Amino acid sequence: MDASFSPEQDEIRRTLRELLHSRCGPRELRTALDTPAGHDPGLWTALAEQLGLPGLALPEAYGGVGCSATELALACEETGRALAPSPLLATAVLAGPLIAALGTDAQRAELLPRLASGKLTAALAVPGTALAAALALTGDNGGDWAGGGRAGGVQARRAEDGWRLYGQVDQVLDGHSAGLLLVAAHAGGFARSRTLLFLVPGDAAGVVRARQTALDATRPQGRVQLRDVNAELLGDEEGREVLPALASAGDTAAAVLACEAVGAADRALERTVEYVGQREQFGRTIGSFQAVKHRLADAYVAVQAARSAAYYAAWATTPRGATPPRGAGNCATSPGEPADKEQPGTAPPAARLALAQALEALRTAAAEAIQLHGGIGFTWEHEAHLYFKRAAGDELLFGPVHRLRAHAADAARLFDTQEVAV
C-alpha cells in the first residue's frame, strides 16, 4: 500500500488552498455570512468552474471528474481550513451520492450534470434533529427518525399527479437557498409506513423556506415547510432501499467531515502557534513558557492523530478492486461501477471513529486558540470563536462524539458477551 499522495491529489490541495486564500479571507468570510444565502455565490462559481469541486466524486458520464471520496475529502480539508461557507457539503457529499445511488437513469441524466457543474445546488431534508441518525452515524437508521403517523415529520401520500408532501423540517443545511430539496418522508400510513426520498424544486408551490439562526454561521441552515407540495419519488418503489443508501452516504460523509474538521483544527492551531511566538509577557514571548508549550504539544498530537484517522477513513470508504483511469492519480471507481467494497456498517466504523477523533481534536485546538489568544481570543472581531463554533455545531449535527464512538463499538461488537476458554 502506497500511503503517499499522488501528484494529482497534491495539485487539488495546492490549487484549492491558493484560491481560498485569495477569495475567502477573514473579511470575505464575514461578508459572505451576512448575505441572505450565507455564502458567496462568486466563490461557489469559482470552485465549480475552475476546480470542478461539486462534481469531483461524480461519474464522468454525468459531467463529473470521476474521482473518489478520497479526493473529495482532501478538498474538504482545505475548505475546512478556511471555514469556507459553500453548498459543497450539502450538494456534493449528502445529496449528490444519494441521487447517483437511488435515482432512475432519467433522474441521473437530468440532475447529476447540473450538480456537477455547480449550476444546481441541493440539500438533504431530514425531519427534526435526526440527520446523524438518518446517516447511521450515531445508531442504526431503521427506526422512526423520519416521523410517520402520529410521530409527525414529513408525510407523503399518493395523488393523481404523483406524490404530495406535507410537513416541516427545521434544520436543513443550505435548505433556505438550495435549488433542489431531497426530502425524507414517510409513506404508507401509521401501521405500514416506510421511508422514501423525494425530489422537490426549491421554488415549488407550497414550499416555504427561511434561514435559521445557527450556532455555526459558516454552516447556514434553513427551515423548510412543505404545504401539500407536489414531489417526485427518487428512484422507484421497487428499486434499492433508501435506508442502506443513507447509511452508505453516511460512511462517506463521516470521512469527508473528519478531513474537514482536521483542516479547521490544523488552521486554528497554526494561528495559535504564530500568535504565541509574537505576544510578549514578562519580557519574553509567551510561546517560550513551558506550560504553553505543553498545551500546544498536546493539541498538535491530537490534530496529527486525527489527521491519520481521517486519511485512513477516506481511503477505507473508497471502493477497491478497480483500476483507476490513466492520469487520474488515486481516483478510484465512480458510483455505480463494480468494486470490491464492504457493505455499509462492516468496515467503516473507521469513518465514525475518525469523525469522533477529528471533532474532538478541533474542539481542543479551538479552545486552546481562544485561551492562548488572551483578551482578544473571545471577542467577536477575532476568528477564534468561529473555529470553536464549527466544532460545537458539527457535534450537534453529526454527533455527539460519545455517540459516534458508542455506535462504532456496537457495530464492531466490541462489548458483546463472549465465552472465554479457561
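Reader: How many residues does helix 10 have, and what does it reach from its first C-alpha to its last?
Author: In this predicted model, helix 10 runs over residues 349-372, which gives it 24 residues, and it reaches 34 Å from its first C-alpha to its last, close to the 34 Å expected at 1.5 Å a residue.

Reader: Okay, and is helix 10 mostly covered or mostly uncovered?
Author: Helix 10 is mostly covered, with 17 of its 24 residues counted as buried.

Reader: What comes just after helix 10?
Author: Just after helix 10 sits Gly 374, and this glycine takes a positive phi of about 70 degrees.

Reader: Switching to Thr 272, where does it lie, and why does it count as buried?
Author: Thr 272 lies in helix 8, which covers residues 242-276. It counts as buried because its relative accessibility is 1%, and buried means under 20%.

Reader: Which residues does Thr 272 touch, then?
Author: Leaving out residues up to four places away in sequence, Thr 272 touches Leu 296, Glu 368, Ala 369, Leu 372 and His 373.

Reader: New topic: how many cavities of 30 Å³ or more are there?
Author: The count comes to 6 cavities of 30 Å³ or more, and about 150 Å³ of space lies in the largest cavity.

Reader: Which residues are closest to the centre of the largest cavity?
Author: Of the 15 residues that line the largest cavity, the closest to its centre are Ala 84, Ser 86, Leu 89, Arg 219 and Glu 260.

Terms used:
Residues numbered from 1 in each chain as written. Predicted model: local features only at pLDDT ≥ 70, side-chain atom pairs only at ≥ 80, totals over all residues. Heavy atoms only, no water. 1 Å grid on protein atoms, 1.4 Å probe; cavity = no way out; pocket = protein on both sides within 12 Å on 5 of 7 lines; lining within 4 Å. Points joined across faces, edges and corners; volume = space filled by probe spheres on them. Helix = DSSP H or I, 4+ residues; strand = E, 2+ residues; numbered from the N terminus. Expected span 1.5 Å × (residues − 1). Buried < 20%, exposed > 50% of the residue type's maximum accessible area, 1.4 Å probe, protein only. Contact = heavy atoms within 4.5 Å.
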